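User: I'd like a close look at one part of this model, please: the place where the two chains meet. Could you walk me through it step by step?

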Protein chains: 2
Amino acid sequence: MNKALHSNQANFISLLSRLSRLVNHEGHAAGLKPAQWDALRYLAQANRFSRSPGALTSYLGATKGTISQTLMSLEKKGLVEKTQDPNDKRSVGLDLTTVGKNLAREDALRPFADVLEVLSKEDQKDIEEALQKLLIAKLRSEGNRPFGICKSCRHFRKDAPSGDPHFCDLLKESLSVVGSEKICIEQEAA
Amino acid sequence: MNKALHSNQANFISLLSRLSRLVNHEGHAAGLKPAQWDALRYLAQANRFSRSPGALTSYLGATKGTISQTLMSLEKKGLVEKTQDPNDKRSVGLDLTTVGKNLAREDALRPFADVLEVLSKEDQKDIEEALQKLLIAKLRSEGNRPFGICKSCRHFRKDAPSGDPHFCDLLKESLSVVGSEKICIEQEAA
DNA sequence: ATTTATAGTATCGACTCAATACAATTTAAA
DNA sequence: TTTAAATTGTATTGAGTCGATACTATAAAT
């Protein structure tokens, strides 16, 4: 038997669900659906090791089937292209087309970011930190990896001796400066 | 032509969309869907003036058609009952059944509230305040009313001379103590 | 060589959601 | 008072979501 929620909890849940609803509602811009925006946004931010249906699946916490559907929609709209991985014939690589990249720049959630801009710098910082804390806490409670950016990974090696400036010690691949700012599925905090 | 998002904005959007996705994901408990939980939660918190399809529609920021569907589902599951308003034959009153009330007590988002409990009291307060600020700012930017509770409304009259302890000066109706804690569609900050 | 694991796709059913059209009242105006 | 306009809901449609299940192809492990 569950105890009743106390009023703080009830209030927190209300806030969270309403906010989430607004976010979801915003995600219907430009003829895309929220889930499609989520995928597009991820693909615009993920490094090449992480642009696969599988990585997207675990990032979004969805099932493979759903992601497969979403990707088919994006492909049909000409926003995403699939390529066969030559090393592993099961794997599929995903890339945004030029149109896809341009669209990703006009993120459906931009209006939300604009609302944030109106608040004081201090509020902005507080809100961002709060969201971060809550997200991390929730992800951790479910045993999910947070999907950080490459640069802050324990496999990241700065200033490689030759070629590109950086290096990933896990995947044994060199990394550009831009690449090291991207989301990586393998990322583990340093 | 839109300027590119700066990295702070991009980060904020990521946080928000991921959090929203987790919330949405959580809303699949007990055989209900997120939108159904949203409706159930509202109906458990709203006062009798605000338990109508129309009020629910504007609270959730959905369209009438969608809400109508959602309510039909909840009715079919035996969680909600509709009653005809005798004064206005167009209007429909909504009430949770006993089963509905019990289910509302086991809110699908409870696990999220539990995660919050693990954090420090200070973090909890910060997070709740941040969510509140963001929600209000967003609602205001769209010109929506925030749907506060009756007690903090400018139409609220405390300690009525007779009958129930309080009174709503707008609807000319008396209010119980419990009723004055509920969400009201007519609420305007005092 | 045969299991077992991994990466994706295909399909189903219940539901969401925006959009549109529609029916039944109220309410306001002419 | 009789239209006209606004309000409250329902019905339907089409694209998509999402969990579940089943399935295919390929890699890895035993």
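A word on the model: it is predicted, so local features need pLDDT of at least 70 and side-chain atom pairs count only at pLDDT 80 or more, while totals for chains, interfaces and linings use all residues. Residues are numbered from 1 along each chain as its sequence is written, and chains are lettered from A and ligands numbered from 1 in the order in which they are written.

Now the contact itself: 46 residues come from chain A and 46 residues from chain B (two residues are in contact if their C-beta atoms, placed from the backbone, lie within 7 Å). On the side of chain A that touches chain B, helix 1 (7–26), helix 2 (34–45), helix 6 (110–118) and helix 7 (121–141) each give two or more residues; helices are DSSP runs of H or I, at least four residues, numbered from the N terminus. Helix 1 of chain A gives the most, with 15 residues. By type, this side of chain A divides into 23 nonpolar, 10 polar and 13 charged residues (Ala, Val, Leu, Ile, Met, Phe, Trp, Tyr, Cys and Pro count as nonpolar, Asp, Glu, Lys and Arg as charged, and the others, Gly among them, as polar).
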